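Biologist: Could you take me through this model, giving the rule behind each label as you go?

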Amino acid sequence: MTPQELVAQLDEQACLDRLVDLVQHKSYTETDEERALAVHVNDICLSLGLDSALQSVEGTRVNTIARLKGEGGGSSLLFNGHLDTNPATSGWSVDPWGGVVDEEFIYGIGVSNMKAGDAAYLCAVETLLKAGAKLKGDVILSFVVGELQGGIGTVRMIEQGVRADYFINSEPTDLQALTLHAGAFSYEIKLQGSTRHVSKRHEACDALAAAAALVPRINNMTFSGVTDPMHRLVNRGHVGVVRAGLGEEFHEWRPPQVADHAKLLGTCRYGPSQSVETVLADLRQMLDALQLEFPGLVSTVASHDIRKNKPQMPPFQVPVDAPIVQVMNRAYQQLTGKPQPTGAIMPPAFFGTDAAHLAAAGMQGVVCGPGGEFNTMPDERVRKSQFLDCVRLYILAICDVCELV
């Protein structure tokens, strides 16, 4: 049986049903429902005859790690995706957990980020099993939790010895091959000035005005220290929260007074030749200049992580001509007849993914998955055609890496 014959046997409706089932599980990160979905996926994998088990992460949180054993002599391939999702926001026109499907899309919170990717590699292996295909190398399916806490599920998986020769991380890239993405961390800036009544505003040091001046500067900054111009492409500062008022408690009931305290929370994206420390140093330099503009202003900046003992999301990079990238390029060319967009693809290059943790553990991989166009927004959705094409891509990639017997 050839890879093309396997692709032709794809049961499209069964694949769509599998994805709908995952979407209908509310699996907010760090909740009981997150664990429930991991248990459900483990049950599915066991029912398919895969070697599958729940893996402890922390407390009651668990990953599902499943394996399709090969006959020997081939390379192994690990698929990686997370089951936890962001919360549903306002603005939805359909039930976020309804598994709503129309002629073009599948809707649901987390369907793009990233249950469509999870379902795609599960369905790829299920197609191989139904066809009775045999492989030389192992295929490992990792369904992890806690990606939204810096990738703690994948980190714990690696610590417990899960390895493969190659990996595909299925975060949403609209089927493009992402070979470079930013590292991500959150920061906290505190500003302290001095208050006066509005009648004496000229004597005050206005922390709110200083914060307002700082926001566009951070949002437009790039960082120092790049050794590769490509790394600067994934530089981005962002302010997500600003709070100001009187005192450290930010009292709001006396607006005629100048605010003497302000706090900014945000995130920075940086390249592989940069670091959290170098980015913080750049922010510190910006604050030093701000203090000259606002005499009497005192400022601090530090990494902000309210979830202690959770990993940071480092940057990821793999050469565009690496073997696993070429595998995906060949599969895409076979499937579409076109070259696969490859490199620091925007906007996915600003994501953080577990690919960085896998690469740090010595595995070579690429980020390529369905969704992205309508990622993390009201009525989050994935094109049905793209999801099904992703299943086909993964079948071709498995056959290429693991080799059919």
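Modeller: Gladly! Let me begin at the end of a helix: α5 is followed by Gly161, whose phi is positive, near 95°. Helices (H or I, at least four residues) and strands (E, at least two) are DSSP runs, numbered from the N terminus. This is a predicted model, in which local features need pLDDT of at least 70 and side-chain atom pairs count only at pLDDT 80 or more, while totals for chains, interfaces and linings use all residues. Residues are numbered from 1 along each chain as its sequence is written, and side-chain values use heavy atoms, with hydrogens and water left out.

Biologist: Thanks! What makes α5 mostly covered?

Modeller: Of the 8 residues in α5 (152-159), 6 are buried. Buried means under 20% relative accessible area, exposed over 50%, and partly exposed in between (1.4 Å probe, protein chains only).

Biologist: How do you know where the domains are?

Modeller: The bounds come from an automatic or database domain assignment, which gives domain 1 (3-181 + 315-402) and domain 2 (183-303). Taken over C-alpha atoms, their centres are 37 Å apart.

Biologist: What is the buried area between domain 1 and domain 2?

Modeller: About 870 Å², 70% of it on carbon and sulfur atoms. Buried area is the accessible area (1.4 Å probe) that two parts lose on being put together, summed over both. Leu180, Pro315 and Phe350 supply 62% of what domain 1 buries against domain 2, more than any other three residues. By the contact rule, 9 residues of domain 1 meet 12 of domain 2.

Biologist: How many salt bridges and polar contacts are there between the two domains?

Modeller: The salt bridge count is 0, the test being a side-chain nitrogen of Lys or Arg within 4 Å of a carboxyl oxygen of Asp or Glu. There are 2 residue pairs in polar contact, both at pLDDT 80 or more. A polar contact is a pair of N or O atoms within 3.5 Å; within protein, one must be able to donate a hydrogen and the other to accept it, and residues adjacent in sequence count only if both atoms are side-chain atoms.

Biologist: And why is Leu180 called buried?

Modeller: Its relative accessible area is 2%, which is under the cut-off, so Leu180 is buried. Leu180 lies in strand β8 and touches, among others, Met230, His231, Phe316 and Ala349.

Terms used: Contact = heavy atoms within 4.5 Å. Lists of a residue's contacts leave out its neighbours within four places in sequence.
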